[in-house]
Amino acid sequence: MPEPIVISTELGPHVAAFTTRIDGRIHAVLNTRARSDPRIRTEATVALVGAGMDAGRALGALHGVCR
């Protein structure tokens, strides 16, 4: 499976993340509020795993956002 592309940006208080698959590669946008809001962080993790990203890579992506 090709490496996923993950970016982070401000998505507002009601969106944790959104994901899509383009040409077999997962693309994800994570909300920067995951740094400080445990609810957003949990929902973003569920979105990444639900999109097919393995749990270790999803947690690594969230760790990068939380820095």
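Strand 3 is largely enclosed by the rest of the structure, because five of its seven residues are buried. Buried here means under 20% relative accessible area, exposed means over 50%, and partly exposed lies in between, with a 1.4 Å probe and protein chains only. The model is a predicted one, in which local features need pLDDT of at least 70 and side-chain atom pairs count only at pLDDT 80 or more, while totals for chains, interfaces and linings use all residues. Residues are numbered from 1 along each chain as its sequence is written, and side-chain values use heavy atoms, leaving out hydrogens and water.

## The sheet

The sheet is open and has three strands in the order 1-3-2, with mixed pairing. Helices (H or I, at least four residues) and strands (E, at least two) are DSSP runs numbered from the N terminus; two strands pair if DSSP finds at least two bridges between them. Strand 1 (5-9) and strand 2 (17-22) are the edge strands, each pairing on one side only. On average, neighbouring strands are turned by 15 degrees against each other, direction ignored. Axes are lines fitted to C-alpha atoms, for helices over the stretch in contact, and angles run from 0 to 180 degrees between N-to-C directions.

Strand 3 (residues 25-31) pairs with strand 2 in the antiparallel sense over six bridges. Leu30 of strand 3 is the bridge partner of Ala17. With strand 1, strand 3 pairs in the parallel sense over five bridges, and His27 in strand 3 is the bridge partner of Ile5.

The hairpin of strand 2 and strand 3 has two residues between the strands. Asp23 lies in this loop and has a positive phi of about 50 degrees although it is not a glycine. Most residues other than glycine have a negative phi. Asp23 is exposed, with a relative accessible area of 78%.

Contact means heavy atoms within 4.5 Å.

The largest nonpolar core has 15 residues, of which Leu30, Ala34, Ala44, Leu48, Met53 and Leu62 touch the most other members. Such a core is a set of buried Ala, Val, Leu, Ile, Met, Phe, Trp, Tyr and Cys residues joined through side-chain atoms within 4.5 Å. Strand 3, helix 1 (38-50) and helix 2 each supply at least two residues of this core. The largest share, four residues, comes from helix 2. In soluble globular proteins, nonpolar side chains tend to be buried together.

Leu62 lies in helix 2 and is buried, with a relative accessible area of 5%. Leaving aside neighbours within four places in sequence, Leu62 is in contact with Leu30, Ala34, Arg41, Ala44 and Thr45.

## Polar and charged contacts

Thr32, in the loop between strand 3 and helix 1, is buried, with a relative accessible area of 17%. Its side chain makes a polar contact with the side chain of Glu10 (3.2 Å). A polar contact is a pair of N or O atoms within 3.5 Å; within protein, one must be able to donate a hydrogen and the other to accept it, and residues adjacent in sequence count only if both atoms are side-chain atoms.

The whole structure contains four salt bridges, each defined as a side-chain nitrogen of Lys or Arg within 4 Å of a carboxyl oxygen of Asp or Glu.

Glu10, in the loop between strand 1 and strand 2, and Arg33, in the loop between strand 3 and helix 1, are 23 residues apart. Glu43 and Arg39 both lie in helix 1, four residues apart, about one turn of the helix. Salt bridges that share partners also join Glu3, Asp54 and Arg57 into one network.
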